[in-house]
Amino acid sequence: MNAQEQAPAALEARITKQLAAPIGDEVRSFAAALGEAAGARAVLFYGSNLRTGSLEGVLDFYVLLPGDQIERIWPRVSYHEREIAGGVTLRAKVATMSLAAFAKAAAGELTDTTIWARFVQPSALIWTSDDAAQADVTAAAAQAAMTAARLAAALGPKTGNAEDYWRALFQATYKAEFRVEKAGRENDILSVNAEHFAGLLPLALAAQGIEFDRDGEQLTPHLAEVERARVLAWWSKRRRLGKPLNFLRLIKASTTFEGAARYAAWKVERHTGMPVEVTPFREKYPLLAAPSVLFALWRHRRQS
């Protein structure tokens, strides 16, 4: 195998190891139940609980389905609870979409910015329906790393360390999304996931044939001007559509978020100490029920 053939294999080996991160049995069991109930091909686990191993708060899963993507605005978001030994309740926010759309988004073939930017960060593949699904998700995660690295090389300095390029990438993607993040969020991502990102950029560049010079920690990607212009034009379109697309997803989630009332009730009680009864009306019409909950919260705070 020559060097050109070795580079993609090296990246895939790195991604395979990362996706096999050790996960507690409680979380694996939860993921398996979600995957089997949905008839899914795979379930990915990500977010701060992956890094810390904590069972508190809300676990984050992506459930990846077989077949084509049916919904044009994805993913579909839902909230789930699961009782485990000792009377502990696990809580999860679940994003559901097709594996086919996930793979296309990871490869940068769609206008979406969220998949490759999210899954160049740590995740764990904790349930699959079969070996083929595992191979497909691994390939998609490798594509996410290559998509992100390509844009990082185009946005970053002519020469810099890997963090300079990743920082330029995350600064750009956060600005493109309809979300509120504190200044310097990209530094938090890089610092808490330093081990994950160490050595990833050169591997992801080499895997797609982008050559670079290395002088200690300093990298100089050889991105031809015509290629840089192509990548930046690709990004410009996604940057312009980022906020509108995120806004559409928020609007959809406000009306289709399964379990929204239970999720909101848990959040209110966790942050304020005020228990919220989830009535059938509140479960079915969370938006209509919101004013009464807000009024109750206002009274609770006045009496505290």
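These exercises work through one predicted model, from the whole chain down to single side chains.

## Exercise 1. The chain as a whole

Task: State how many helices and strands the chain has, and what share of its residues is buried.

Solution. 
Step 1. The secondary structure consists of 14 helices and seven strands.
Step 2. The chain has 304 residues, and 44% of them count as buried.
Step 3. Contacts can be sorted by distance along the sequence. Among those with a separation of 6 or more, 69% are between residues 24 or more positions apart.

## Exercise 2. A hairpin and one of its residues

Task: Describe how β3 and β4 pair, then decide whether Thr89 is buried or exposed.

Solution. 
Step 1. Strand β3 (residues 76-84) and strand β4 (residues 88-98) are antiparallel, with nine bridges between them. For example, His80 stands opposite Ala92 in β4.
Step 2. The two strands form a hairpin with three residues between them. In the turn, Gly86 has a positive phi of about 85 degrees.
Step 3. Thr89 belongs to strand β4. Leaving out residues up to four places away in sequence, Thr89 touches Glu81, Arg82 and Glu83.
Step 4. The side chain of Thr89 also makes a polar contact of 2.7 Å with the side chain of Glu83.
Step 5. Thr89 has a relative accessible area of 19%. Buried means under 20%, so Thr89 is buried.

## Exercise 3. The surroundings of Arg118

Task: Locate Arg118 and list what lies around this residue.

Solution. 
Step 1. Arg118 is in helix α5 (residues 114-119).
Step 2. Apart from residues up to four places away in sequence, Arg118 touches Tyr46 and Gly47.
Step 3. A polar atom of the Arg118 side chain lies 3.1 Å from the backbone oxygen of Pro122.
Step 4. Ala145 is 27 residues from Arg118 along the chain, and their C-alpha atoms are separated by 9.8 Å.

## Exercise 4. Salt bridges

Task: Give the number of salt bridges, and work out which parts of the chain the pair Asp136 and Arg41 ties together.

Solution. 
Step 1. Side chains of opposite charge can pair when their charged atoms come close. The count for this model is nine salt bridges.
Step 2. One of them joins the side chains of Asp136 and Arg41, at 3.0 Å from N to O. Asp136 lies in helix α6 (residues 131-155) and Arg41 in the loop between α2 and β1, so this pair ties together parts that are 95 residues apart in sequence. Asp136 is partly exposed, at 35% relative accessibility.
Step 3. Another salt bridge lies within a helix. Arg167 pairs with Asp164, their closest N and O atoms being 3.4 Å apart. Both residues lie in helix α7 (residues 162-176), three residues apart, about one turn of the helix. Both count as partly exposed: Arg167 at 22% and Asp164 at 28%.
Step 4. Glu163, Asp164 and Arg167 are linked in a network of salt bridges.
Step 5. In helix α11 (residues 225-256), Glu227 and Arg230 are about one helical turn apart because three residues separate their positions. In their salt bridge the closest N and O atoms are 2.9 Å apart.

Definitions and conventions. Residues are numbered from 1 along each chain as its sequence is written. This is a predicted model: local features need pLDDT of at least 70, side-chain atom pairs count only at pLDDT 80 or more; totals for chains, interfaces and linings use all residues. Side-chain values use heavy atoms; hydrogens and water are left out. Two strands pair if DSSP finds at least two bridges between them. Helices (H or I, at least four residues) and strands (E, at least two) are DSSP runs, numbered from the N terminus. Buried means under 20% relative accessible area, exposed over 50%, partly exposed in between (1.4 Å probe, protein chains only). A polar contact is a pair of N or O atoms within 3.5 Å; within protein, one must be able to donate a hydrogen and the other to accept it, and residues adjacent in sequence count only if both atoms are side-chain atoms. Contact means heavy atoms within 4.5 Å. A salt bridge is a side-chain nitrogen of Lys or Arg within 4 Å of a carboxyl oxygen of Asp or Glu.
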